[in-house]
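Subject: Structure handover and notes

Hello,

Please find the structure below, with my notes after it. Could you read them with the model open beside you?

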Amino acid sequence: MATPQLLLRRAFSSSSFLSSPFRRPPLHPARSFVPPRAAMASSAPPFHMVQIQRDDTTFDAYVVGKENAPGIVVLQEWWGVDYEIKNHAVHISQIGEGYRALIPDLYRGKVALDVAEAQHLMEGLDWPGAVKDIQASVKWLKANGSPKVGVTGYCMGGALSIASGVSVPEVDAVVAFYGTPPSELADASKAQAPIQAHFGELDSFVGFADVTAAKSLEEKLKSSGVPHEVHIYPGCSHAFMNTSPEAVKRRKEMGLTDENQAAIDLAWSRFSTWMGRFLGSA
């Protein structure tokens, strides 16, 4: 199985990546994917969908939380906008006095049901375009009542959240989970926003989310001069923040059997402190 970092390198091997979307073979038949709303129908979270315009494209986004509260853009894993990223957004919206969380649909309605589809979607993502989606999402929140806006993300979304802290000047704070961007997308030594990052000690995604990648990120952030923290959690592997029964089952199918509620609680506590420090309370 190709690692996320290898997929990123493939995506950026094209010399035209800065100006046009990546062209990939057609996706699997429609039956292989489910739209985000259908995937979440059984749990019926309190989201409402908005459409956000940027350049010549429009994308859906899912919003939950208090109006006029500080905003947080929540970025998907390589699966797409599925149940677990919505679980994270709901949790974030309820931290402290409350945040307004927004999930941009970077895959434009596609959600992977297995690892092969997730690889296919991640490899086919227009990464610079995704950063533009994040910027448009931040601007939407600020235009709709959020005085300050942070960005957080997981796996692929973690890499993109760091990229937004480098390339999107409107971002006020970043918290990234187990993902780092390739230098072609964003050089963390040029970060503009405060960045906190979380990694599992046992993460095996070499060059993307393993301990070496975490330490490399920390060195780059030191040279950037922005406030930063990099935390490594002993005994934890990739995607350790995912705790729903479905997500635990999916992790086990990928060979990720660790469960560490103490590490999860500590990471959320650090998240709360960081976002509260730079975004303020609602």
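This is a predicted model: local features need pLDDT of at least 70, side-chain atom pairs count only at pLDDT 80 or more; totals for chains, interfaces and linings use all residues.

Residues are numbered from 1 along each chain as its sequence is written, and side-chain values use heavy atoms, with hydrogens and water left out.

**Whole chain**

The protein chain holds nine helices and eight strands. Helices (H or I, at least four residues) and strands (E, at least two) are DSSP runs, numbered from the N terminus. Of the 282 residues in the protein chain, 56% are buried. Here buried means under 20% relative accessible area, exposed means over 50%, and partly exposed is in between, with a 1.4 Å probe and protein chains only. The accessible surface of the protein chain is about 11,500 Å², and carbon and sulfur atoms account for 51% of that. Those areas come from the Shrake-Rupley method with a 1.4 Å probe; for residues, only the protein chains shown count as cover. Taking contacts (heavy atoms within 4.5 Å) between residues at least 6 apart in sequence, 74% join residues at least 24 apart.

**The sheet**

Eight strands make an open sheet with mixed pairing, in the order β1-β2-β4-β3-β5-β6-β7-β8. At its edges are β1 (48-54) and β8 (228-233), each of which pairs on one side only. Two strands pair if DSSP finds at least two bridges between them. On average, neighbouring strands of this sheet are turned by 20° against each other, direction ignored. For that angle, axes are lines fitted to C-alpha atoms (for helices, over the stretch in contact), and angles run from 0 to 180 degrees between N-to-C directions.

Strand β3 (residues 71-75) runs parallel to β4 (residues 100-104), and three bridges join the two. In this pair, Gly71 is opposite Arg100 of β4. With β5, strand β3 pairs in the parallel sense over five bridges; the bridge partner of Val73 there is Val151.

In a regular strand the side chains alternate between the two faces of the sheet. Strand β5 (residues 149-154) has six of its six residues buried. Val149, Val151 and Gly153 point one way, Gly150, Thr152 and Tyr154 the other. β5 also pairs with β6 in the parallel sense, over five bridges, and Gly153 stands opposite Ala176 of β6.

Strand β7 (residues 195-200) likewise has six of its six residues buried. One side carries Ile195, Ala197 and Phe199, and the other carries Gln196, His198 and Gly200. Strand β6 (residues 173-177) pairs with β7 over four bridges in the parallel sense, with Val174 bridged to Ile195. Six bridges, again parallel, link β7 and β8, and Gly200 sits opposite Tyr233 of β8.

**Helix α5**

Helix α5 (residues 127-143) has 17 residues, which at 1.5 Å a residue should span 24 Å; its end C-alpha atoms are 24 Å apart, so the two agree. The expected span is 1.5 Å times one less than the number of residues. Twelve of the 17 residues of α5 are buried, including Trp127, Val131, Ile134, Trp140 and Leu141. At the N-terminal end, Asp126 caps α5, with a side-chain oxygen 3.1 Å from the backbone nitrogen of Gly129. After α5 comes Gly145, which has a positive phi, near 110°.

**Two single residues**

Ser189 is in the loop between β6 and β7. Ser189 counts as partly exposed because its relative accessible area is 24%. Its side chain makes a polar contact with the side chain of Asp187 at 2.7 Å. A polar contact is a pair of N or O atoms within 3.5 Å; within protein, one must be able to donate a hydrogen and the other to accept it, and residues adjacent in sequence count only if both atoms are side-chain atoms. Leaving aside neighbours within four places in sequence, Ser189 is in contact with Lys220, Ser223 and Ser224. Ser189 and Lys222 are 33 residues apart along the chain, with C-alpha atoms separated by 7.4 Å.

Glu246 is in helix α8 (residues 245-253). Its relative accessibility is 45%, so Glu246 is partly exposed. Glu246 lies 163 residues from Tyr83 in sequence, but their C-alpha atoms are 8.7 Å apart in space.

Regards
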